[in-house]
Amino acid sequence: MKFTEKAWNIFNQSIQDYHTTDNVNQPINNPYPVGQIEHLLYLKNWIDTVQWHLEDLIRDENIDPVEALRLKRWVDKSNQERTDRVENLDSWFLDKYKQVNIMPEAKINTESPAWAMDRFSILALKIYHMKSEVERKDASAQHKEKCQEKLNILQQQYIDLSTAIEELLDDYERGAKYMKVYKQMKMYNDEELNPVLYNSKK
């Protein structure tokens with residue numbers, strides 16, 4: 001099985017598991033052993049899925065401001081966790097290809113494989129929710145038609161992105177490209193780098 005096929009199945013398993021209760025407060029029940037790539041892929045998508053729904057909640061025009069602030073901080077924390085998991089995934093790829101003989105003409109890709117997988121995880125969420133809109137019983141025919149058109153585009157994106165990722169991984173296997181990963185160095189959650197945070201400690 002191709003890596004993208006495995007990841008896609010795991011992403012959709014995570015999404016389906018979340019929607020059994022559809023509650024941002026439900027604890028994760030990762031079915032894969034810690035240390036396996038499957039565990040990391042499931043965790044990555046679970047974080048994305050919860051954050052997707054947090055973003056929905058915070059857009060409620062009638063939301064209590066205190067609750068909105070709580071959700072905003074939750075989203076900030078989630079963004080940091082999402083970035084950390086992407087970097088964990090890149091470390092896995094780095095280890096996987098560390099013994100490959102790099103071709104003299106090998107090039108760097110514009111994004112790391114893990115950040116491509118990040119987009120792949122979000123795409124799984126977009127397809128799931130767009131499909132839900134197509135199947136909404138209380139939606140108009142016009143709404144369903146527009147959503148079907150969008151769903152068709154998203155499904156084409158799945159083909160294109162999965163193909164591009166597989167080609168990238170093949171380039172790494174052959175040594176035609178090499179990985180060079182930069183940490184994201186997020187500043188907004190860092191008490192040493194965010195002026196608001198470190199000034200508040202004075």
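Predicted model: local features only at pLDDT ≥ 70, side-chain atom pairs only at ≥ 80, totals over all residues.
Two residues are in contact here when they have heavy atoms within 4.5 Å of each other.

**A threonine in α2**

Thr49 sits in helix α2. Its relative accessibility is 0%, and it therefore counts as buried. Which residues is Thr49 in contact with, once neighbours within four places in sequence are left aside? They are Ser14, Ile15, Tyr18, His19 and Leu125.

Helix α1 covers residues 3-18, 16 residues in total. From first C-alpha to last it reaches 23 Å, close to the 22 Å expected at 1.5 Å a residue.

**The nonpolar core**

The largest nonpolar core has 43 residues, and the members that touch the most others are Phe3, Leu41, Leu89, Phe93 and Met117. Helices α1, α2, α3, α4 and α5 each supply at least two residues of this core, with α4 giving the most, twelve. Met117 shows how these pieces come together: beyond its neighbours within four places in sequence, Met117 is in contact with Phe3, Ala7, Phe11, Leu41, Leu89, Phe93 and Ile165.

**Aromatic pairs**

How many aromatic pairs does the count come to? The count is twelve. Here are two of them, side by side.

| Pair | Centre to centre | Angle between planes | Arrangement |
|---|---|---|---|
| Tyr42 and Trp46 | 6.3 Å | 15° | stacked |
| Tyr97 and Tyr172 | 5.6 Å | 35° | tilted |

Tyr42 and Trp46 are both in helix α2, four residues apart, about one turn of the helix. Both are buried. The other pair has another setting: Tyr97 lies in the loop between α3 and α4 while Tyr172 is in helix α5, so the pair ties together parts 75 residues apart in sequence. Tyr97 and Tyr172 are buried as well. These two tyrosines also belong to one aromatic cluster with Phe3, Trp92 and Phe93.

**The protein as a whole**

Stepping back, the protein has six helices and zero strands, and from the N terminus on its elements run α-α-α-α-α-α. The C-alpha trace spans about 60 × 55 × 30 Å along its principal axes. Buried residues make up 38% of the 202 residues. Among contacts between residues at least 6 apart in sequence, 72% join residues at least 24 apart.

**Confidence in the model**

The average pLDDT is 92, and 90% of the residues score at least 70. Which element has the highest mean pLDDT, and which the lowest? Helix α1 has the highest, at 98, whereas helix α6 (residues 195-200) has the lowest, at 60.

Technical notes. Residues numbered from 1 in each chain as written. Heavy atoms only, no water. Expected span 1.5 Å × (residues − 1). Core = buried A, V, L, I, M, F, W, Y, C linked by side-chain atoms within 4.5 Å. Buried < 20%, exposed > 50% of the residue type's maximum accessible area, 1.4 Å probe, protein only. Phe/Tyr/Trp six-rings, centres within 6.5 Å; stacked < 30°, edge-to-face > 60°. pLDDT = per-residue confidence, 0-100.
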